[in-house]
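Please consult the sequence and the structure shown below while reading.

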Amino acid sequence: MTGSVLAMASDLTGATREDSLPEGSAEAALATPARVALPEKPNAVAPQAVAGAPSAAIDRETPAAPAASRVSPPVAPLPVTWARKVAAGETLDALLVEAGLAAADRAEASLALGAEYDLRRLRPGHAVTVETMPDGTLRSVSLDVEDGVRIEAFFGDRPLVHVVAPDPETVILAGEARVASSIFAALDDAEIPARFAVDLAQMLAGTIDFRRDLDGDETLRLLWKEARVDGETIGEPEIAFAALDLGDALYEIVWPDDGTGRATIYLDGEVVRVFAQPVDGARLSSVFGRRKHPVYGNVRMHTGVDFAAARGTPVRATAAGRVSFIGRRGGYGRVVEIAHGTDTMTRYAHLSAVPDGLAEGQRVAAGDMIGRVGATGTATGPNLHYEVRVDGRPTDPLSDDRLADAVARDAQDGSAVNRLTESRARLEETLASDFASDLPERL
Ligand SMILES: [Zn+2]
């Protein structure tokens, strides 16, 4: 234990991320364990199936039974259990062959489990459990897959399939890093998820020049959340607060716990900008500037940045403003445009859908959902083309902070200051309890 990272159990709940997968798919159900109903196992799982000594169990449960019942065999025969972890390259069918199942049973099991889980996603570490009755009748097949999720199929008169998803515990962690060469290296050295370097770079682009402003004597302190099941981290950690101390300037970023990905950036305790990612956690697939056009093949100016994401993923306003246009614009496909002040505009293109309630002239806040990712217009696949224009000219959204300037004056309010105060207190508290939990090891 390095002392730089610590876990503090928390009773915070409901930290599930916004579901970005198409609704109704099996993946969607698995990605949101908190919303999956947890069915009881059917009564078919009789107590004697798990008790080691059936006759003793009968004795306990029927103390006044006549002596004859004590010598009777158990009413139900015990099922035989076969279980094994999945090895690289193995299919469910191959495992079921090894478990001794006939072709018809294997087909039925694959059909039942495949309805709730994409069986092509089986990989090493997952486990298969098969229960058969002594006469060879198939009773159940269960899959233990990622994130503590179990898919159980019971075979009686007709198959019953359940997805049992654990309720994850939210753990708050804090860490401190000294920035020597890069933010990425500093996080990695301090055992803080290095992926946060991307969040920080995107939020502070245009505010800090990472190459010029960092001289190797900066401290970075972070607070983040992880979801855990049986001590194992599931999903991606989520950043909650960052404080970057440059010596002569203190930058702080607060990400509120509302699933919008919206962040407020402070300099020496004052709001400098409020910014939301246009698509949560999406991969930046193309940057601003001259590039070879993916559809036309010639070199053209790319007037925005592209985020690759699944069709239907929510698209959010990056800053507060007023909706100035909703409709189609040639190769941009379906777009929403938002005016921020008089000279700055953001454009969200290739949308598959726009919320019914959204109308031109309406005010939106940073993080408000204004559409869904699609491939309308000229697009090679589902992606969001996000563009920032100042006086009609496209600017690089990742390095130009005029959008931030345009909205900063709206951002200074009491709740923003309260959020900063709360975040600072939580960081201190979590770092302090890290120190306390390390004491026994040091003595
Ligand atoms: Zn684009």
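Does D268 count as buried or exposed, and why? D268 counts as exposed because it has 10 C-beta neighbours inside 10 Å, and a residue with 12 or fewer such neighbours falls in that class. The model is a predicted one. The protein has 443 residues, of which 33% count as buried, and it contains eleven helices and 24 strands.

**Confidence**
- The mean pLDDT of the protein is 77, with 74% of its residues reaching 70 or more.
- Residues 1–69 have a pLDDT below 50, and in the model this stretch makes 96 contacts beyond near neighbours in sequence.
- Residues 438–443 likewise have a pLDDT below 50; for this stretch the model shows three contacts beyond near neighbours in sequence.

- Of the contacts between residues at least 6 apart in sequence, 63% join residues at least 24 apart.
- The largest nonpolar core comprises 65 residues, and the members touching the most others are L222, F241, A242 and Y348.
- At least three residues of this core come from each of domain 2 (169–255 + 413–442) and domain 3 (283–410).
- Another core, of 23 residues, lies apart from the largest one and includes L92, L143, F154 and V163.
- With neighbours within four places in sequence left aside, F241 is in contact with L222, L223, I253, V254, S423 and L427.

**A five-stranded sheet**
- Five strands form an open sheet in the order β2-β3-β4-β5-β6, with antiparallel pairing.
- β2 (80–85) and β6 (160–164) are at the edges and have a single partner strand each, so one side of each lacks a neighbour in the sheet.
- From one strand to the next, the twist averages 10°.
- Strands β3 (residues 127–132) and β4 (residues 138–144) run antiparallel and are joined by six bridges.
- Within this pair, T129 stands opposite S142 in β4.

**Residues with positive phi**
- D268 has a phi near 50°, a positive value in a residue other than glycine.
- The loop between β11 (262–267) and β12 (270–276) holds D268.
- H350, which is not a glycine either, has a positive phi of about 65°.
- The position of H350 is in the loop between β20 (344–349) and β21 (363–364).
- H350 counts as buried because it has 26 C-beta neighbours inside 10 Å, whereas D268, with 10, counts as exposed.

Methods. Residues numbered from 1 in each chain as written. Predicted model: local features only at pLDDT ≥ 70, side-chain atom pairs only at ≥ 80, totals over all residues. Helix = DSSP H or I, 4+ residues; strand = E, 2+ residues; numbered from the N terminus. Buried ≥ 20, exposed ≤ 12 C-beta atoms within 10 Å, placed from the backbone. Contact = placed C-beta atoms within 7 Å. Core = buried A, V, L, I, M, F, W, Y, C linked by C-beta atoms within 7 Å. Domains from an automatic or database assignment. pLDDT = per-residue confidence, 0-100. Pairing = 2+ DSSP bridges. Axes fitted to C-alpha atoms, helices over the stretch in contact; angles between N-to-C directions.
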